[in-house]
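Let's take a walk through this one together. Have the sequence and the 3D view side by side as you read.

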Number of protein chains: 2
Amino acid sequence: MNATLKDVANRAGVSRSAVSRTFTDGASVSEKMRRKVEKAAEELGYSPNLLARSLTTRRTKMIGLISNNFHNPIFLTVFDQFTKALQERGLRPLLVNLSDETDPQNSVRMMREYSVDGVIVASSTLSPAFSKAFRDQGMPVVHTFGQYSSAPSVHVVGIDNVECGRMAARSLVARGLTHVGFMGGPIAATSTQDRHAGFAEIIAQHPDIACDVSYADAYSFDAGRREMMRLAQDNPAQAYFCGDDVLSIGALSALRDCNLSVPDDVGIIGLNDMEMAGWENIDLTTIHQPIKQSINSSVKLIVAMLDEPNRYPEARIFPCDIVERGTLRPKAEN
Amino acid sequence: MNATLKDVANRAGVSRSAVSRTFTDGASVSEKMRRKVEKAAEELGYSPNLLARSLTTRRTKMIGLISNNFHNPIFLTVFDQFTKALQERGLRPLLVNLSDETDPQNSVRMMREYSVDGVIVASSTLSPAFSKAFRDQGMPVVHTFGQYSSAPSVHVVGIDNVECGRMAARSLVARGLTHVGFMGGPIAATSTQDRHAGFAEIIAQHPDIACDVSYADAYSFDAGRREMMRLAQDNPAQAYFCGDDVLSIGALSALRDCNLSVPDDVGIIGLNDMEMAGWENIDLTTIHQPIKQSINSSVKLIVAMLDEPNRYPEARIFPCDIVERGTLRPKAEN
DNA sequence: GTTATTTTTGCAACCGGTTGCAAAAAGCTG
DNA sequence: CAGCTTTTTGCAACCGGTTGCAAAAATAAC
C-alpha cells in the first residue's frame, strides 16, 4: 500500500539508514544523497510513519486533550484554541471525552496505550484525582482551569477562583445592596467551592448584608434556569453572582418568565465572558476569564515538560476583570 | 519505564508470544498460561502499546476527526457525540482543526503519518476536495454534513439541504407573505447554495412573492447581526430564512436594536434547532436537523468501512422538520 | 499403554522506523 | 601522493509488538 522506507531505499539504490537520515533533521547526509532520496520519495509519495518512528524516538507528538465539559459553549473556544496552539507546534490532540467516566485508571491506561507525550486536562469540574493519576504514571500533565493552590501537585494554569468570588462580592457590596445571592455551579467542583469561599469571605465583612447560597447541578442553561425559577418564587436577592455565564443566561431566562426585570428587580453577574455574553440580546455583566492566555500558557508549559519531565510543579494564574454590561445596575455615583 | 511485553514474559517465565496471545482476543492460550501471564502483567502494571501493535495489525484504532467549524456552538454537541460514539467502539478521535488550512494535501499527509484507520470530515462548509483527497489516498472517509448528491463520490451523511430550503419557503408561503428573504451563510458553502436552490425553487412558483437574497460571510452571531443590520435599513422582508440558528440569533439581535418587533414586523426561521434555540430568551422557530442520528450513522459507517474499504459510496440522508416557536407568526387559521 | 488427533507453546521473522559503530569516502596538509 | 582528519554511508541491532509454522504437550481413541 503506502510506500515505506525500504521502498524508497530500493528505488534510490541506497541503504535504509540513508533514507531515514534524510527525514530526520539534524542527521548527517550529503547534499547529493539527500537529493537522490528526496527524488525517490517524491516519486513514491512517501511520508514517514510517525508511529513506527515513535517506537525508537519515544515521541509520538500526540497530546491527550481531556475534558468532561462538552455542553458549555465556552469549551468550543477552548478546543479551538487548544487544537490550533498544539498544531502550530507540530503536536496532535487525541481528544478524550470523560463526560461519564469516573475511574481515572481507565483514562490513564488509555493514554498509556497510545503513548501520548503528555496530557492536558481541560476542566474546572473534573476531580484533581485525574490529573494526579497521570502524573503518578510519570506523564507530563497540565491541568488547565484546575484548582489554584499555593502548593500544587501538578501544573495548574488558570485563574484564582477565590479572588473571582471576592471580586464579584465586592462589586455587589459597592452597589450598596443589602441582600445578595451566590448561585454556584456543581457543588462538587473545586471552582464552585473556591468562588464561594471568596464571595463569602467578603460578604462576611458586612454583617448588614444578607446572603443566600445555592447551587445548580451543572454548568448549563437548564440548570441555571431551573435554579433561578426556584429562587424567584420566594424573596429573591437583589443580585446574584452566578457560577458562570451559561448559568447566568439560564437565570436571566427564568427571571424574564417570572416578570422580574433585570437589573432593576434582580441583578446578575456571571463569570467567563464568553462570546455570547456580549450578544446584544443577552448583554451580561460578567467577570472576564483570560481563556486565550491560559491556553497558550498551558501549551507552552506542556511543551517545556517534554524536555524536562520532572519540572517542579507550578501554578500559572492570570488575573480576571469585570466587564460591565447591562445585567447589573451601575454603581451609584458618589 | 513502562513495562513491556518482554518484561512480562520474563517475569512469568514464558515466551513473548504467550504474553502477546493473552492480550489479543481470539488467540489460543490455556487457562493456566493466561492466569500466569495476567498475574505478571498485573504486578508490573503492564498494558500493551497499541502503536507498536498497529505496526503489524495495521489498525491504530484512531480516527481523524476533521473540522473547520470551531465557532458555531452546535459543533460542541457534534464533538461531544462523535467522541462518545467513537469511544464506545474503542476508537480514538485525533482532532484536526482546519480553520485556516486550504491545502488538502497537508491534511492528507498528516493523517497518513499517523496511520489513522479512517477519517470523518465534519463540516458543511469545507470544500469536498478535502474528503476526496482522503479517499484518493485509499483512506475510509465519511463526510458528515456534506453535500447530498445522487451520485456521491465519498460517503456522505446528513440532510438534504435543497429540501430544507423548500421547507422553509413553503412555510413562509403558507403564511401568505408577499415579501420574503433568504439570508444565507457563506456563499461558498455547498450547504448555503443548496438551501438557496430549494428556497428559490418554491418561491419561483409564486410570482406574486418578492424575494430578497443575501449572504452573511460566516456562520456566526456577528455576521448574522451585521447582515440583518444592513437589511433592516431598507425595506426589510416580512420574514427571513436564515442560514442557521446562530445567524438567526444574530439577526434577532439586530432587529431588536432597530426596534423591529419579531415576529410581527419581521419573522425569522432558522436551521439546526441547536439547544440554544429553545432557550426562552431566544425561542427561535427553526428547522430541526437530526444531528444525533447523522453522527451515529456516520460512526457506524466508518466502522463498517474498516472491514470493507472499497464499499460503494452512499448518501445517508435524514429528514428534517420544522419546530414552531416564537419567531414566526403562526399560520392563519383557515 | 500406544498411537492418532487436537491444543498449546516457542522460535524466528517481520511490521516501519532509528541509531551506535565501524568501514569507506572525501577533504586537507605538506 | 602518502598520511591524517573529517564527513558520509551501511551494517546490524533494536524499539514493542504479532504471527506462521513446527515442535511439544495434552487429550482422545483404541
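What follows goes from the contact between the chains to the core and then to one helix.

Keep in mind that this is a predicted model. Start where chains A and B meet: 39 residues from chain A and 39 residues from chain B make up the contact. On the chain A side, at least two residues each come from H4 (50–57), H5 (74–88), strand E2 (92–97), H6 (104–113) and H11 (245–257). H5(A) gives the largest share, with seven residues.

Now turn to the largest nonpolar core, which has 176 residues. Which of its residues touch the most other members? Those are Ile268(A) and Ile268(B). Leaving aside residues up to four places away in sequence, Ile268(B) is in contact with Ala239(B), Tyr240(B), Cys242(B), Ser248(B), Ala251(B), Leu252(B), Val262(B), Leu284(B), Thr285(B), Thr327(B) and Leu328(B).

Last stop: helix H5 of chain B, residues 74–88. With 15 residues at 1.5 Å each, this helix should span 21 Å, and its end C-alpha atoms sit 22 Å apart, so the two agree. Eleven of those 15 residues are buried, which means H5(B) is largely enclosed by the rest of the structure. The buried set runs through Ile74(B), Phe75(B), Leu76(B), Thr77(B), Val78(B) and Phe79(B), then takes in Gln81(B), Phe82(B), Thr83(B), Ala85(B) and Leu86(B). Just past the end of H5(B), look for Gly90(B), which adopts a positive phi of about 75 degrees.

How values were computed. Residues are numbered from 1 along each chain as its sequence is written. Chains are lettered from A and ligands numbered from 1 in the order in which they are written. This is a predicted model: local features need pLDDT of at least 70, side-chain atom pairs count only at pLDDT 80 or more; totals for chains, interfaces and linings use all residues. Two residues are in contact if their C-beta atoms, placed from the backbone, lie within 7 Å. Helices (H or I, at least four residues) and strands (E, at least two) are DSSP runs, numbered from the N terminus. A nonpolar core is a set of buried Ala, Val, Leu, Ile, Met, Phe, Trp, Tyr and Cys residues joined through C-beta atoms within 7 Å. A residue is buried if 20 or more other C-beta atoms lie within 10 Å of its own, exposed if 12 or fewer, and partly exposed in between; C-beta atoms are placed from the backbone. The expected span of a helix is 1.5 Å times one less than its number of residues.
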